[in-house]
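Subject: Structure handover

Hello,

Here is the structure you asked to look through. Please open it first, then read the notes below it.

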Amino acid sequence: MASFKPTKIPIYPKLGEKVTPDTLYWKNYKAPVQIKEFGAVTSIDFSPLAPHNYAVTASTRIHIYGPFSQEPVKTFTRFKDTAYSGKFRSDGQLLVAGCEDSVVRLFDVSGKVALRVFKGHTKGVHVTDFTSDCYHILTGSDDYTCRLWDIPNSTELTSYKEHTDYIRCGTTSKLNRDIFITGSYDHTLRVFDARVEKSVMTMDHSQPVESVLLYPSEGLLVSSGGRYVKVWDLLKGGQPLVSLKNHHKTVTCLGLSSNGQRLLSASLDRHVKIYNTTNYKVVHNFDYAASILSLALAPDDESIVVGMTNGVLSIKHRKSPEEKQEVAGKQRVRPVYRVFVKGRNYVPKKDDFFVSKPVKSHLAKYDKQLKRFNISKALDTALELWRKNRKPDITVAVMKELDRRGTLKNALAGRDEQNLSQLLNFLIGNVVDPRFTPVLVTATEMILDIYQAVVGQSSVVDRQLVRLQELVEREIDYQQDLLEVLGMLDTLFATSLPRKEVPCPGSSRPNGLAEGGLGAPGPQLQAA
């Protein structure tokens, strides 16, 4: 007697994310280290010099962390109110920060007391940065002004009041000490030259500007505000190049990878999007537990540091080559016998006969029921597996096997309200899936034929039948729309192709006619 053959479960293609080099690169980070700060983390800035410490501005203090330390190596607390925008100078020796009390303070990284205090703004200062010559400071305030300060003399050099709302972001040129850019809640970006009394370029972002970023070449400028990230060409007078709308909440900060080929944007929607700067398509995505206010990348992308509204600082470190090899070398350790098995190291010879022990096959629960011809119980077991593990392919395979045996209608019949509701629920969730449609349409027709006499006796079943009907009608409408679109495309492609005349063999004319045309007499037959 032939042995029972288990039900064959077809393997369907999985619709997972495509593994790209960007996926492998950006996923190569350890589990994040989280540090709780005293308030929302509004600014993060890395020191340009090794070991690349980073300054974290939160609440009324600035913490400086080492690259792998979970405790601050330095703290500045000389602020009377909320501190903003702690930034390192290019030599890593000085740190500047604004404050809600309108005072700008300059610190020596190795000291504690402020070296310089700059007073002149009348409201909170949210923007600070050093110019490329290291002797001047740019500040932007809620009093609508941006100013340049001289560090040695502690004096104000220039003040501009062209914005009509809060100035919340700005940056200085690293190639020219006189050029700087500010962004404001009045929806505008302005490019200033310290040698000129007015701004030299203005761009309209159409949303309150939250962050600005200059590319290393400084030919392109990136701005974020609202749900938009926009790229501007400064060499063409501020012409807009790209407008990206991949977030569904306000984009708060921007970042750039070490090679300048990947742009990062973080938002209040708790996502960090990574774009390819060649075509500005999203190549990767990070998710966080809370809304993001600040983002910074360490040199060579060794660390990604994110500050959130709940005061949590999240640090992801890149795995070292040793850790990569360790992870790659880890294999599943199979159990070994604790006792010595005689002959396990024996190597068979050429003339030996190998006698293999038959392997006992273990049947699944639904296969055991099928073997006993309990077709209804087999279908019930497959439906339970779908509910527990969400694997519709097993249930569909059992239905297909029952249909092949000609017993599917018997398995579907004789069900009470609860079992029928469970079956209809499965059909509603999977009947429009193109992988399962051929099998489930047959099962649906059988159910309608069996239970049409009891329609109207159960409100639960009636409601599910109506849902199933609406689902099928909607799918049919989609298919009809797709066929119409395909017909339109075929017509367009047919009209766009050039017409080619195919000459008829044996004729010099393309239509196969002789030189004389239609009225020209053919050759006369001669009598023999």
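Helices (H or I, at least four residues) and strands (E, at least two) are DSSP runs, numbered from the N terminus. The model is predicted, so local features need pLDDT of at least 70 and side-chain atom pairs count only at pLDDT 80 or more, while totals for chains, interfaces and linings use all residues. Residues are numbered from 1 along each chain as its sequence is written, and side-chain values use heavy atoms, with hydrogens and water left out.

Backbone angles

Most residues other than glycine have a negative phi, and most peptide bonds are trans. Some places here depart from that pattern. Ser85 has a positive phi, near 55°, and lies in strand S6 (residues 83-88). Is Ser85 buried or exposed? Ser85 is buried, because its relative accessible area is 9% (buried means under 20% relative accessible area, exposed over 50%, partly exposed in between, with a 1.4 Å probe and protein chains only).

Phe373 also has a positive phi, near 65°. Phe373 sits in the loop between helix H3 (365-371) and helix H4 (375-389). Phe373 counts as exposed, because its relative accessibility is 65%.

The peptide bond between Ala50 and Pro51 is cis, with omega about 5°. Pro51 belongs to the loop between strand S2 (41-46) and strand S3 (54-58).

Strands and sheets

Strands of a sheet pair through backbone hydrogen bonds, either parallel or antiparallel. In these notes, two strands pair if DSSP finds at least two bridges between them.

In what order do the 4 strands of the open sheet come? The order is S14-S15-S16-S17, with antiparallel pairing. Strand S14 (167-172) and strand S17 (201-204) are the edge strands, and each pairs on one side only. Within this sheet, strand S15 (residues 179-184) and strand S16 (residues 188-193) run antiparallel and are joined by 5 bridges. Gly183 has Leu189 in S16 as its bridge partner.

Strand S12 (residues 146-150) and strand S13 (residues 155-160) are also antiparallel, joined by 5 bridges. Cys146 is bridged to Tyr160 in S13. The hairpin of S12 and S13 has 4 residues between the strands, and Ser154 in this hairpin takes a positive phi near 55°.

Around Thr145

Thr145 is in the loop between strand S11 (136-141) and S12. Thr145 is buried, because its relative accessible area is 5%. Which side chains make polar contacts with the side chain of Thr145? One is that of Asp143, at 2.6 Å, and another is that of Arg147, at 3.3 Å. A polar contact is a pair of N or O atoms within 3.5 Å; within protein, one must be able to donate a hydrogen and the other to accept it, and residues adjacent in sequence count only if both atoms are side-chain atoms.

Leu295

Leu295 is part of strand S26 (residues 292-297). Leu295 counts as buried, because its relative accessibility is 8%. From C-alpha to C-alpha, Leu295 and Ser265 are 8.3 Å apart in space, and 30 residues separate them in sequence.

Phe493

Phe493 lies in helix H9 (residues 459-496). Phe493 is exposed, because its relative accessible area is 52%.

Regards
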